[in-house]
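Student: Can you walk me through this model? I'd like the strands, the helices and the charged pairs.

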Amino acid sequence: MKRVLYVEDDESLAYLTTDYLTESGFLVEHLKDGKEALKKFQESSFDICVLDIMLPNMDGFALAEAIRAINHEIPILFLSAKILKEDRIKGLKIGGDDYILKPFSIEELILKMKIFLDRSKKEFSDTAIYKIGKFDFDPQNFILTQGVNQPIKLTQKEAQLLKFFIDNKNKVIKREQILLSLWGEDDYFIGRSLDVFISRLRKIFTDEESVKIINIHSVGFKFCESPRSD
């Protein structure tokens with residue numbers, strides 16, 4: 001049984017969601033307080049985190065950042081009534097894998113949880129190290145290294161996206177192909193999430209002239225790696 005850290009201070013919603021998740025085969029640890037949830041995460045082992053944002057003592061964003069500092073691999077899903085684009089982008093930037101708006105479909109939540117759990121198990125069984133310009137990419141541990149410089153720790157979603165680009169290097173990749181492969185669906189808000197992660201990867205490779213992520217207008221992207229001249 002997969003262990004879920006579920007943090008929600010709305011007792012009625014938490015009761016119903018916990019009941020459905022339990023019936024679907026998950027082992028759910030429900031907490032109402034952000035600080036208590038962090039303590040529980042430090043003390044126990046979990047497979048996935050489902051976090052509300054508006055929580056007492058420590059909000060979901062701060063909780064997710066603290067969890068990411070401990071574990072870069074565990075999937076984190078936000079459940080929130082905060083509908084502003086800035087909130088969704090913030091959640092993704094601090095390491096969230098998805099942001100689901102309330103009111104939500106429990107079937108959608110369970111489907112996404114299973115998708116992220118399956119991907120975290122399958123995609124990062126790859127033990128190969130990939131060379132990207134001056135960088136070495138370790139997809140299993142979500143790490144980019146460049147010589148003696150401090151390693152760059154990626155989030156799970158950043159590592160998934162980079163691995164997908166490497167597997168399709170120098171090809172035009174349709175936007176919907178990326179969304180369906182990594183998120184399991186194609187809609188406007190998930191598309192905005194993709195833009196956030198691509199922006200972060202571009203920033204990492206800013207000084208690496210041999211590596212480019214090119215926008216193909218109205219189609220998608222092309223991850224290009226050209227031979228270095230030095």
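**Loops and strands**

Tutor: Asn170 lies in the loop between α6 (156-167) and β10. Helices here are DSSP runs of H or I with at least four residues, strands are runs of E with at least two, and both are numbered from the N terminus.

Student: Before we go on, what kind of model is this?

Tutor: This is a predicted model, where local features need pLDDT of at least 70, side-chain atom pairs count only at pLDDT 80 or more, and totals for chains, interfaces and linings use all residues. Residues are numbered from 1 along each chain as its sequence is written, and side-chain values use heavy atoms, with hydrogens and water left out.

Student: Back to Asn170. What is its phi?

Tutor: Phi of Asn170 is near 65°, a positive value in a residue other than glycine.

Student: Is Asn170 buried, partly exposed or exposed?

Tutor: Asn170 is partly exposed, at 40% relative accessibility. The classes are buried under 20% relative accessible area, exposed over 50%, and partly exposed in between (1.4 Å probe, protein chains only).

Student: Which residue takes a positive phi in the hairpin of β11 and β12?

Tutor: Ser218 does, near 65°, in a hairpin with three residues between the strands. Ser218 is not a glycine either. At 71% relative accessibility, Ser218 is exposed.

Student: How many bridges hold β11 and β12 together?

Tutor: Six, in the antiparallel sense, with β11 covering residues 211-216. Two strands count as paired if DSSP finds at least two bridges between them. Within this pair, Ile213 stands opposite Phe223 in β12.

Student: And how does β10 join β12, parallel or antiparallel?

Tutor: Antiparallel, through three bridges between β10 (residues 172-174) and β12 (residues 220-225). Val172 stands opposite Lys222 in β12.

Student: Now the five-stranded sheet. What is the strand order?

Tutor: The order is β2-β1-β3-β4-β5, in an open sheet with parallel pairing. β2 (27-31) and β5 (98-101) stand at the edges with a single partner strand each, so one side of each has no neighbour in the sheet. Neighbouring strands are turned by 20° against each other on average, direction ignored. That angle is between axes, which are lines fitted to C-alpha atoms (for helices, over the stretch in contact); angles run from 0 to 180 degrees between N-to-C directions.

Student: How many bridges join β1 to β3?

Tutor: Four, between β1 (residues 3-7) and β3 (residues 48-52). Tyr6 stands opposite Val50 in β3.

Student: Where is the cis peptide bond?

Tutor: A cis peptide bond joins Lys102 and Pro103, with omega about -10°. Pro103 sits in the loop between β5 and α5.

Student: Switching to charges. How many salt bridges are there?

Tutor: The structure holds 13 salt bridges. The criterion is a side-chain nitrogen of Lys or Arg within 4 Å of a carboxyl oxygen of Asp or Glu. Lys102 comes up again here, linked with Glu8 and Asp52 in a network of salt bridges.

Student: What does Asp87 pair with?

Tutor: Asp87 forms a salt bridge with Lys82, at 3.9 Å, N to O. Asp87 lies in helix α4 (residues 85-93). Asp87 is buried at 13% relative accessibility, whereas Lys82 is partly exposed at 26%.

Student: What else does Asp87 touch?

Tutor: Leaving out residues up to four places away in sequence, Asp87 touches Phe61 and Tyr99 as well as Lys82. Contact means heavy atoms within 4.5 Å.

Student: How far apart in helix α5 are Glu108 and Lys112?

Tutor: Glu108 and Lys112 are four residues apart in α5 (residues 106-122), so about one helical turn separates them. Their side chains meet in a salt bridge at 3.3 Å, N to O. Glu108 is partly exposed at 28%; Lys112 is buried at 6%.

Student: Which residues of α7 are buried?

Tutor: In α7 (residues 175-182) they are Ile178, Leu179 and Leu182. Seen down the axis of α7, these fall within an arc of 95°, so they line one face of the helix. The arc is that of the directions from the helix axis to the C-beta atoms. Gly184 follows α7, with a positive phi near 85°.
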